[in-house]
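Take a look at the model below. We go from its domains to a set of annotated positions.

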Amino acid sequence: PSGVARGRDGGLSVAGVPVAQLAAEHGTPAYVLDEADLRARCRAFVAGFRGMDVYYAGKALLCKAVVRVVAEEGLRLDVCTGGELAVALAAGMPPERIGFHGNNKSVAELSRALDAGVGRIILDSFTEIDRLTVLARERGVRQPVMIRVTVGVEAHTHEYIATGHEDQKFGFSLADGSAQAAAERVLDDGVLQLIGLHSHIGSQIFDTAGFEVSARRVLGLHAELAKHTGAELAELDLGGGFGIAYTSQDDPASPVELGAGITGIVEQECAARGLAVPRLSVEPGRAIIGPAVFTLYEVGTVKPVDGLRTYVSVDGGMSDNLRTALYGAAYSATLASRASSAGPMLTRIVGKHCEAGDVVVQDEFLPADTRPGDLVAVPGTGAYCRSLAHNYNHVPRPPVVAVADGRSRVIVRRESEDDLMALDVG
Ligand code: LLP
């Protein structure tokens, strides 16, 4: 994050607080959030996407303090389960600024969303249209909804996080006519209020070409629907997925470039089709929170293996960062507690779990004198690390520590063994 600097003693500090102090006060591993950096990213998106609504995709990292920050900075919130909705409401996010996603929302979840008065529900199946229509009719509520459209775009990202192509579980297919049929069902029925179409092509995408194709295709349906009803839909959401730099090889576009690019594409396409430009919205998660957080670990063992590389074991692992194991994600790491003039040593940073795939950083050069007791920082862990964290081997999940103006505070406390045992009621 932008608040990280190396102090005179060679150790890293964030927002004026040395990492050694953070480790002493809060223990390791810990997710360390640079609050000013998070706010700056929110502001960059609000400025870069001026005139559009920016929904923070809470699945990336959701807790009350983060919801309050994004709300204060003028963002809205995308949630995709009843649990996420509960956190949003507990944090005081105004319900009309919440969008509710998900491919299998239950009756209970939809009821809760209707009763809370969420701003929009993004519909994902015919079953859901029928389910929500019944619930809204019972309540006499004209709920604003969007239709999630599968646009048939192959996003160049990992298979597990690509969602625009046809053969996956999300949305209504554009190609086979389901998307149009879904929109017409909602429009003709008139119980729900169709405010617009939605498309999300995937995550960790660098290439704006995918957004271009998706905007063109979804606006094609937007135009068809205008013919059907004689009125144009007011809104269009192009989803999230903006990539961030995990290593020095990644070169993401800035929010200003993205905002200008997306607006340009939509304006051009609307002009060509003689349509009014709908109100646009986007749903960045990773790009808002990812770079604002690093994970602080303590080194436990250092084991050279047969001239190949050195395995550096830290006190967390795949339970606090599943992304390396699940997606083959690339991360970097740095010696955080001190400077070293030792030469580089090829390492693999691994965790403490009973599994050989328990890797945090696949390949990294650390100083050759890296030793037990050193602190190591892995940057870019704000998105989908705490939220995918789990308890394999009964390892409690780390805290989230927010740092601002020379002070740190725990915003999500460390899980304890008692927390885990409390569920074990046998
Ligand atoms: N909108 C929708 C409808 C989504 O499904 C997602 C992510 C987003 C927005 C936010 O995408 P972002 O801007 O954060 O890329 N666990 C995976 C990522 C799964 C993303 C799921 N949906 C990972 O760790 O890479």
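Helices (H or I, at least four residues) and strands (E, at least two) are DSSP runs, numbered from the N terminus. The model is predicted: local features need pLDDT of at least 70, side-chain atom pairs count only at pLDDT 80 or more, and totals for chains, interfaces and linings use all residues. Residue numbers start from 1 along each chain as its sequence is written.

Start with the domains, whose bounds come from an automatic or database domain assignment. Domain 1 covers 4–33 + 291–422, and domain 2 covers 49–284. Their C-alpha centres are 34 Å apart. The contact involves 17 residues from domain 1 and 12 residues from domain 2; residues are in contact if their C-beta atoms, placed from the backbone, lie within 7 Å. On the domain 1 side, α11 (323–327), β20 (400–404) and β21 (407–412) each give at least two residues.

Now the annotation. The unreviewed UniProt entry lists Arg286, Arg323, Tyr327, Glu355 and Tyr384 under "binding site". Such annotations may be inferred rather than shown by experiment. The positions span 99 residues of sequence and lie up to 27.3 Å apart between C-alpha atoms.

Arg323 sits in helix α11. Among residues beyond four places away in sequence, Arg323 touches Ala329, Tyr384, Cys385 and Leu388. Is Arg323 buried or exposed? Arg323 is buried, because 22 other C-beta atoms lie within 10 Å. The cut-offs, counted within 10 Å of a residue's own C-beta atom, are 20 or more others for buried, 12 or fewer for exposed, and in between for partly exposed.

Glu355 lies in the loop between β17 (344–350) and β18 (359–367). Glu355 has 13 C-beta neighbours inside 10 Å, so Glu355 counts as partly exposed.

Technical notes: Two residues are in contact if their C-beta atoms, placed from the backbone, lie within 7 Å.
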